[in-house]
Amino acid sequence: MIISGKDIAAQLRSDMQQQVDAMFAEYGRTPNLVVIQVGDDPASSIYVRNKMRAAEFCHIRSQYLHLSGEITEKELCAQIEQLNNDDDVDGILVQLPLPAHIDEERIICAIHAEKDVDGFHPDNAASLWLHQPLQTNHIASIYNPVPDYGCTIACTPKGILSLLASTGVELDGKRAVVVGRSPIVGKPMAKLLMDRQCTVTIAHSHTRDLPAVCREADILIAAVGKPKLITADCIKPGAIVIDVGINRLADGSLSGDVDFEACKDIASFISPVPGGVGPMTVTMLMQNTIDCYKRRQMKVN
Ligand code: NDP
């Protein structure tokens with residue numbers, strides 16, 4: 001069965017619209033997200049446009065700051081500091097990648113952790129790894145895929161847990177394999193699955209016999225960036241397969257990391273590319289903006 005991230009994202013965004021309207025009725029202001037783009041990378045422009053559109057749909061205010069690709073790191077940090085100190089700003093997102101002369105890690109650290117809607121700030125990443133969730137009796141649903149960790153969780157792995165919740169399959173005790181160990185997808189994904197009582201293996205470019213490792217998975221997450229790396233011989237019959245990869249092919253079309261046609265009849269559930277993880281990532285960005293707003297509002301009241 002195909003897991004439609006597009007449909008689930010649409011459902012979640014309608015729900016968020018109502019959440020935001022209710023927050024406006026209660027507090028007299030809506031969440032406010034600032035999206036910063038440095039330079040004119042065409043792919044970044046598309047991602048930024050999608051994020052702004054999603055915010056508008058969810059009734060979240062958004063501001064687009066398009067800065068010159070020549071901006072210095074110091075100037076960018078000063079701009080971020082201004083937004084950190086602006087009480088009317090709940091979320092700050094700097095679209096990556098940044099031009100080579102700017103240190104991305106330094107910029108991620110410059111955003112106040114409370115306004116870091118991407119969940120990339122070391123304080124947020126550390127909270128996820130060091131702490132157990134605050135709600136131990138959490139029941140996962142597409143609307144509420146992760147328990148409260150008291151911090152912002154990276155959007156892509158959070159969206160994937162929502163996709164997994166949509167299958168209705170119990171995760172407790174399952175074998176999960178996450179292919180890819182990046183700080184924004186693979187690593188947080190592995191921790192979240194571990195907290196859902198999965199036994200987790202992380203595979204990477206030095207993993208020997210990747211197909212054999214993948215075949216152990218009841219839940220296989222591919223987050224690599226190599227078109228069709230995951231072939232039919234990597235899939236255990238009945239596994240749930242989530243494809244994070246977005247690869248632009250020479251003919252301009254998009255491909256995931258999974259050979260979808262070859263794997264779809266072996267898996268019990270599989271997410272497509274496009275229309276799988278991508279829309280969920282943007283949707284969770286909206287949820288993170290709402291959550292940052294709520295946490296800040298709770299401090300004020
Ligand atoms: P990174 O490049 O940061 O990480 C890729 C990971 O894949 C690394 O850990 C690398 O291993 C591993 N890898 C590379 N080659 C192999 C191989 N042959 N076998 C096994 N593992 C391998 O990528 P990201 O995590 O940022 O993104 C991964 C993919 O997901 C990309 O296509 C990206 O565009 C997409 N993406 C999609 C999102 C969405 O919303 N749908 C959001 C974020 C990313 P090593 O550590 O050893 O180098």
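Helices (H or I, at least four residues) and strands (E, at least two) are DSSP runs, numbered from the N terminus. Residues are numbered from 1 along each chain as its sequence is written. The model is predicted, so local features need pLDDT of at least 70 and side-chain atom pairs count only at pLDDT 80 or more, while totals for chains, interfaces and linings use all residues, and side-chain values use heavy atoms, with hydrogens and water left out.

**Stop 1: the ligand**

Next, colour the shell by class: Ala, Val, Leu, Ile, Met, Phe, Trp, Tyr, Cys and Pro count as nonpolar, Asp, Glu, Lys and Arg as charged, and the others, Gly among them, as polar.

Select Ser182: a polar atom of its side chain is 2.6 Å from an oxygen atom of the ligand. Select Ser205: an N or O atom in its side chain also lies 2.6 Å from an oxygen atom of the ligand. At His204, a polar backbone atom is 3.4 Å from a nitrogen atom of the ligand. On its own the ligand has 920 Å² of accessible area, and the protein covers 71% of that (Shrake-Rupley method with a 1.4 Å probe; for residues, only the protein chains shown count as cover).

**Stop 2: the largest pocket**

On a 1 Å grid over the protein atoms alone, a cavity is a set of points where a 1.4 Å probe fits but cannot get out, and a pocket is an open set with protein on both sides within 12 Å along at least five of seven lines; lining residues have an atom within 4 Å of a point. The ligand takes up the space of the largest pocket, by the rule that more than half of a molecule's atoms lie within 2 Å of the grid points. This pocket has a volume of about 1,300 Å³, that is, the space filled by probe spheres set on points joined across faces, edges and corners.

Select Tyr47, Thr156, Val244, Ile246 and Thr281, which lie nearest the pocket's centre among its 43 lining residues. The lining divides into 24 nonpolar, twelve polar and seven charged residues.

**Stop 3: the largest cavity**

Go to β3 (91-94) and α4 (104-110), each of which supplies at least two residues of the lining of the largest cavity. The largest share, three residues, comes from β3. About 90 Å³ of space lies inside. By class, the lining has nine nonpolar, no polar and two charged residues.

**Stop 4: backbone details**

Most residues other than glycine have a negative phi, and most peptide bonds are trans. Select Pro97, in the loop between β3 and α4; the peptide bond from Leu96 to Pro97 is cis, with omega near 5 degrees. Pro274 is in the loop between β10 (269-270) and α10, and the bond from Val273 to Pro274 is cis, with omega near 0 degrees. Finish at His59, in the loop between α2 and β2 (61-67). His59 is not a glycine, yet has a positive phi of about 65 degrees.

Key: Polar contact = N/O pair within 3.5 Å; in protein donor to acceptor, adjacent residues only side chain to side chain.
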